Structure formats: structure tokens, C-alpha cells
Amino acid sequence: MSLLNHLNTHFYRTEELCHALKIDTDQLAQWQDCGLFPKPSYSIQNQIKCSSFLGLYECEEFTDYYPRGCAQWGVDLSKHKVSNAAQAYELFFQQYTQSLNRCQQQGFHCQDERFSDDLCEQIQSAWQQYLCSKYGVISQNGLVEELVHIELGRAIVDEITEERTAPSINPQDRPALLQALKLLNRAFSHPVKHERNHSLRERYIDALVCKYDLSIK
């Protein structure tokens, strides 16, 4: 699949996002300027040459792409009447902690202090990365729960595999590692071809499945 086909299939163009949210582009820009809404995940610059019976035409076009889960975040902003960055962060904080609690109730635990004593600092860092649209690139849909799954899953994997350097793993650790990989598999994006070799999916799933002879099916 070509880059543009990938983006048009899995992401919203600005106009599509605004249509889904029933807002105009000025409202979206205002949300972004106020620190309420993520920046685009991909920005495409096209140099276009068009040839027809009437001659040659050249132009330049710019297109921004957003993960489709951003629409849910926009709905939540409107639903809760969020008007400033502090309110947006509070909403993000609530969604993050709720998702983390659900994961922990399902048995996903690690010793990393980012998910205990340093949780507030972890969420603040995640919020800044969310606004920069890091998670719009590395997650499947850009949902808040996906970024929780990614960071918690990575922490569990790193803990069990000694940051992916251990030559082998203890048999008793395999179930926990498999569960963490399945969590990541549901959250990680399927990267475009030029990003594949450097992607977190390659480093945290594909490489480890081969290294430790695992299967996440």
C-alpha cells in the first residue's frame, strides 16, 4: 500500500475530522493553539504537475492527517465543555488513570515507578507527547487507552527481558510476556513501509517473537 493510500485509509484529513466533529477548521486551530487538541500526525507536501488538453498546470498542496481516534477526543472536549488547557489535562488525566486501573485489574503489573510513585509525572509527559501527536503515529487509532497500553506493555516487556537484552527468559515469565505482547499488538499501529524497520512494533513484537520463539496469536 502506498503512503497516501495508507494515510487515506487509516487517518482523517483535516476536513474529514472537522466534519466528524461538526466543527470548522478555525475551531480546530483554536483548540490546538490553546493546547487542547493534538497536532496532525502526518503533514504531506505535494508538488503536483497536471497535464491535460488545455496544457500543463503546476501547484503545491499541503494535507494534514489525524488518527481517527482523535474524533473521540474532540467529542469528549465538547461533551465536557473544555475551554482551557488545565481542563483538557484533567480530562486526559482521568481517562489515563481509568484505563491504567482497568489494565491492573486484568493482571498487568510491573515494578516501574512511572506507574506508581511517579504516575503524575508519567501522565504529564504522556500528555505533552499526546499533543505533539507521537501516539497518533505509533498507536492504531490515537486513543488515550492505547497510549496507556503501549507504555505499560513496554514497561512489562522491558522488565521481563532486561530491556530486550536477555538471551532467554524464564519459563514462568512467558505467560506474562505473552500477555504484554498481546496488549501491545492491539495498541501498536501497523507502520508504513518506510517506518517499519524503526517502528516500536518491530522492536517490541516482531523481533522478540523471533528472539524468544513466541507466538501472540
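The residues lining the largest cavity divide into five nonpolar, three polar and no charged, where Ala, Val, Leu, Ile, Met, Phe, Trp, Tyr, Cys and Pro count as nonpolar, Asp, Glu, Lys and Arg as charged, and the others, Gly among them, as polar. This is a predicted model, in which local features need pLDDT of at least 70 and side-chain atom pairs count only at pLDDT 80 or more, while totals for chains, interfaces and linings use all residues. Residues are numbered from 1 along each chain as its sequence is written, and side-chain values use heavy atoms, with hydrogens and water left out.

**The cavity**

- The structure holds one cavity of 30 Å³ or more, a cavity being a set of points on a 1 Å grid over the protein atoms alone where a 1.4 Å probe fits but cannot get out.

**Positive phi in loops**

- Most residues other than glycine have a negative phi.
- Lys-22, in the loop between helix H2 (14-21) and helix H3 (25-33), has a positive phi near 60 degrees; helices are DSSP runs (H or I, at least four residues) numbered from the N terminus.
- Lys-22 is exposed, with a relative accessible area of 75%, where exposed means over 50%, buried under 20% and partly exposed in between (1.4 Å probe, protein chains only).
- Arg-164, which lies in the loop between helix H8 (144-161) and helix H9 (174-187), has a positive phi near 65 degrees and is partly exposed, at a relative accessible area of 26%.

Conventions
On a 1 Å grid over the protein atoms alone, a cavity is a set of points where a 1.4 Å probe fits but cannot get out, and a pocket is an open set with protein on both sides within 12 Å along at least five of seven lines; lining residues have an atom within 4 Å of a point. Grid points are joined across faces, edges and corners, and a volume is the space filled by probe spheres set on the points. Helices (H or I, at least four residues) and strands (E, at least two) are DSSP runs, numbered from the N terminus.
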